[in-house]
Structure formats: C-alpha cells, structure tokens
Amino acid sequence: MQHILQILESLPLMKHAEFIELVREMRFNQRQYFKHRTQGFLEKSKQLEKQVDEYLQACDKFNQQSLF
C-alpha cells in the first residue's frame, strides 16, 4: 500500500485525481453488477478494471526505469 501511495504522490495532481475517479467509477460498476447481475455492468467493470491495471503497470515500469 505504501508503494502505491508514493507513486500517487509523485504524479501530477490531475493524474492523481483522474486515477481516483477511475477507481471510484470501477467500484461503482462492480457494486452495481453484484446488485443487479446485468451484462452491461459486468462489461463496464471489466473495462475499468483493465484501465486501472494498465495504469498501475505503467507506474511500475516508470519506477523501474527511473531506478537505473
């Protein structure tokens, strides 16, 4: 958890705010899917989860490159 916080703190504020909004939207769609079990919420949840995962991978690559 501390690692993620360090990454977020090092990003520009707009990027940080965008990431927070992305996660909020993802969690909303996940909760809606489990509440209603509709295909639309499932697909949207998967799409947003993929975006979050890609963003976190990009952060990891950026941190690994900056070490050397």
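Residues are numbered from 1 along each chain as its sequence is written, and side-chain values use heavy atoms, with hydrogens and water left out. In this predicted model, local features need pLDDT of at least 70 and side-chain atom pairs count only at pLDDT 80 or more, while totals for chains, interfaces and linings use all residues.

The largest nonpolar core has nine residues, namely I7, L8, F19, L22, M26, L48, V52, Y55 and C59. A nonpolar core is here a set of buried Ala, Val, Leu, Ile, Met, Phe, Trp, Tyr and Cys residues joined through side-chain atoms within 4.5 Å. Buried means under 20% relative accessible area, exposed means over 50%, and partly exposed lies in between (1.4 Å probe, protein chains only). Two or more residues of this core come from each of helix 1 (2–10), helix 2 and helix 3. Helices (H or I, at least four residues) are DSSP runs, numbered from the N terminus. With four residues, helix 3 gives the most to this core. In soluble globular proteins, nonpolar side chains tend to be buried together.

When neighbours within four places in sequence are left aside, M26 is in contact (heavy atoms within 4.5 Å) with S45, L48, E49 and V52. C59 is placed in helix 3 and counts as buried, at 6% relative accessibility. The C-alpha atoms of C59 and I4 are 8.9 Å apart in space, although the two residues are 55 apart in sequence.

A search of the whole structure gives two aromatic pairs. Rings of Phe, Tyr and Trp (its six-membered ring) pair if their centres lie within 6.5 Å; planes under 30 degrees apart count as stacked, over 60 as edge-to-face and the rest as tilted. The pair of F19 and Y55 is stacked, with 4.8 Å centre to centre and 25° between the planes. Because F19 lies in helix 2 (residues 13–36) and Y55 in helix 3 (residues 39–67), this pair ties together parts that are 36 residues apart in sequence. F19 is buried, at 10% relative accessibility. The other pair, Y33 and F34, is edge-to-face, with 5.2 Å centre to centre and 70° between the planes. Y33 is buried at a relative accessible area of 17%, whereas F34 is exposed at 56% relative accessibility.

The loop between helix 2 and helix 3 contains R37. Phi of R37 is near 55°, a positive value in a residue other than glycine. R37 is exposed, with 53% relative accessible area.
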